[in-house]
Amino acid sequence: AVVDSLVLPGREIDRVRILATARGGHVAVGELSFNSDRGDASSDGTLEFDRADWLRYAARGTGPVREVWRGATMNLEVRPRSLDVAYWADPQLPAGHFGYVTADLDVEGSTHRPRARGTVDVRSFPAEPFFLPALAGEIAVDSMGVTLSRGRLDLGGPEATVQARLPLRVSLTGPARFLENEGVRVEILTPEDMDLAGLPELWPDLRRTSGEGTLYFVAEGDPRAPELSGRVVIRDGEVQLRGWSEWLRDLEVEGQFSDQSLTLYRIEAREGAKGRINAVGSVRFDGLLPDDIALDVEADRVLISSVPDLKAVGSGNDIRLRLERPTPGAPRVPTVTGSFVVDKAVYTGAFESDPASAAELGPNATPPWMARLRIRMVDQVRISNAITELRVAGAVDFVRDTQGTRIRGEVSIPSGRISIVGTNFRINQG
C-alpha cells in the first residue's frame with residue numbers, strides 16, 4: 001500500500017509505503033518507509049502481536065492501537081535518514097531540538113523494553129551553550145541503558161573520541177527514564193595540541209579563535225550532577241568574543257575538572273599594544289553542560305574598543321567577568337563588573353541627554369555586553385567631536401544593562417572648547 005499526504009496530529013508525512021503479509025499475530029514486513037520534509041525512514045523484518053485479531057481490534061480507536069502496540073515484539077532493521085527527532089517526539093519543540101539523526105539499527109525484543117544495536121550519526125545538535133556539528137559512533141540499547149562506543153565528535157574540523165554510558169531505559173510505548181541508583185559515564189578526549197580555529201562552530205559566543213589545545217573530560221555518577229574529572233589546556237591561543245572588538249592573544253590556559261565545575265587556575269594573555277591580562281576563575285556545570293562562567297581578572301594597560309567611537313587604555317585589579325543570562329531564557333552575554341582606571345582615552349562620538357533625567361547620559365549605540373563599572377579617569381581622557389573638544393578627569397559609574405547605558409559621577413574639565421549655535425567657547429576650567 002502507498003499513502004500520499006498522510007496527516008497525523010501535529011505532523012505531516014509526504015508519502016508512506018507499506019509492503020507486508022500477516023498470518024494471525026505474525027507480520028512479515030517487506031518494507032515500511034516514509035518520506036517527509038523532516039526526514040525519512042525505512043524498515044523491514046517481523047512483528048509479533050499477542051492477539052490474532054490485532055488489526056480488527058486496533059481499528060476501534062487510539063486506545064486499542066496503543067494496547068496492541070504495547071503487547072508486540074519485533075525483529076526489525078530500522079534506517080532513519082536525517083530525521084528531525086524532535087518533530088516526531090513532540091511537534092511543539094523547535095525544529096532540530098534533538099539534532100538530525102541518521103542510523104542503521106537492528107531492533108528486537110518487546111516494544112516496552114526494546115534492544116538495539118548499530119551505528120548512529122547525529123548532525124546539528126544544539127547542546128547550549130554549544131552547537132555540535134556532528135556526533136557519530138556505535139550504539140547499543142538494552143535494559144541497562146544506552147552505550148555509545150567508538151564515538152567521534154566533530155570539533156569544527158578536528159575530532160574528539162567519545163565513550164558514553166547513559167542509564168536511560170528506552171521504551172517505544174512511553175517516555176524514556178533514567179534508572180535509579182545507576183550512574184552515567186561520559187569520556188571525551190581530544191588529540192594533543194588540537195587546532196582551535198574551528199571552535200566558533202562549536203561555541204557561538206566565540207567570534208574567532210586560533211592556537212592549540214587539549215581536553216580530557218570525564219563525567220561519572222548521578223546524571224543530574226555527575227562528578228567531573230580531567231583537564232583543559234590552551235597554548236599560544238587567540239580569542240575574540242562575539243560582539244567584542246578586543247582580541248586576546250598569546251593566550252595560555254590551564255584548568256582542572258572536579259566536583260561539578262572546571263577550575264581555571266591559570267589564564268594569561270596579551271591585549272592591545274602593551275596590555276597584559278591575568279585571571280583565575282571557574283565554570284559551573286549543570287549536569288553535563290557548562291552553565292555560568294566567572295573570571296577574576298587583573299588587567300594592565302589593556303585596550304578597550306568595543307564601545308563605538310571609543311578608544312581607551314586602562315588597568316584594573318578587581319575586575320570580574322561573567323557569562324550569564326540578563327533575563328531568564330535570554331541568550332548569555334558577557335557582564336563586566338569592578339573598578340577601572342583609564343590612563344588614556346579618546347571618545348569621538350555624539351552624546352544624547354535624556355530630558356527626563358539630566359543625570360543620565362549615554363552613547364547613541366552600545367555593543368551586546370553588560371557592565372557595572374566604577375571608572376576613574378586621569379587628565380589624558382579626551383572627548384573630541386564636531387562640537388566638543390574637552391579634556392576630562394574624575395570618577396563615574398558606568399552601567400550597561402537591559403535598560404541601556406547610563407553614566408553618573410563627577411568630572412572636572414581642565415581645558416577644552418565647545419561650540420554652541422556656531423560660536424566657539426574656550427573652557428579654562430569646568
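Two strands count as paired when DSSP finds at least two bridges between them. Keep that in mind as you click around this predicted model.

Stop 1: Select residues 11-23, which are strand β2, and residues 26-36, which are strand β3. These two run antiparallel and are joined by 9 bridges. To see one of the pairings, pick Val16: its bridge partner in β3 is Phe34. Now look at the turn. β2 and β3 make a hairpin with 2 residues between them, and Gly24 in that turn has a positive phi of about 65°.

Stop 2: Jump along to residues 248-258 (β18) and 261-271 (β19). They pair in the antiparallel sense, this time over 8 bridges. Highlight Phe257 and you'll find its bridge partner, Leu262, in β19. This is a hairpin too, with 2 residues between the strands; in its turn, Asp259 has a positive phi of about 50°.

The hairpin of β19 and β20 has 3 residues between the strands, and Gly272 takes a positive phi near 70°.

**Stop 3: the cores.** Which residues touch the most other members of the largest nonpolar core? Select Leu264 and Val342: those are the two, in a core of 80 residues. Then show residues 370-384, strand β26, which gives the most to this core, with 6 residues. Apart from this core lies another one, of 7 residues, including Val16, Phe34, Ala41 and Trp88.

Zoom in on Leu264 for a moment. Leaving aside residues up to four places away in sequence, Leu264 touches Val232, Val253, Glu254, Gly255, Val280, Gly281, Val283 and Leu295.

**Stop 4: a pocket.** Finish at the second largest pocket, with a volume of about 280 Å³. Select Pro126, Ala127, Glu128, Pro129 and Phe130, which lie nearest its centre among the 13 lining residues. Next, colour β8 (114-127) and β9 (130-142), each of which supplies at least two residues of the lining. Which strand gives the largest share? That's β8, with 3 residues. Colour the lining by type and you get 9 nonpolar, 1 polar and 3 charged residues.

Methods. Residues are numbered from 1 along each chain as its sequence is written. This is a predicted model: local features need pLDDT of at least 70, side-chain atom pairs count only at pLDDT 80 or more; totals for chains, interfaces and linings use all residues. Side-chain values use heavy atoms; hydrogens and water are left out. Helices (H or I, at least four residues) and strands (E, at least two) are DSSP runs, numbered from the N terminus. A nonpolar core is a set of buried Ala, Val, Leu, Ile, Met, Phe, Trp, Tyr and Cys residues joined through side-chain atoms within 4.5 Å. Buried means under 20% relative accessible area, exposed over 50%, partly exposed in between (1.4 Å probe, protein chains only). Contact means heavy atoms within 4.5 Å. On a 1 Å grid over the protein atoms alone, a cavity is a set of points where a 1.4 Å probe fits but cannot get out, and a pocket is an open set with protein on both sides within 12 Å along at least five of seven lines; lining residues have an atom within 4 Å of a point. Grid points are joined across faces, edges and corners, and a volume is the space filled by probe spheres set on the points. Ala, Val, Leu, Ile, Met, Phe, Trp, Tyr, Cys and Pro count as nonpolar, Asp, Glu, Lys and Arg as charged, and the others, Gly among them, as polar.
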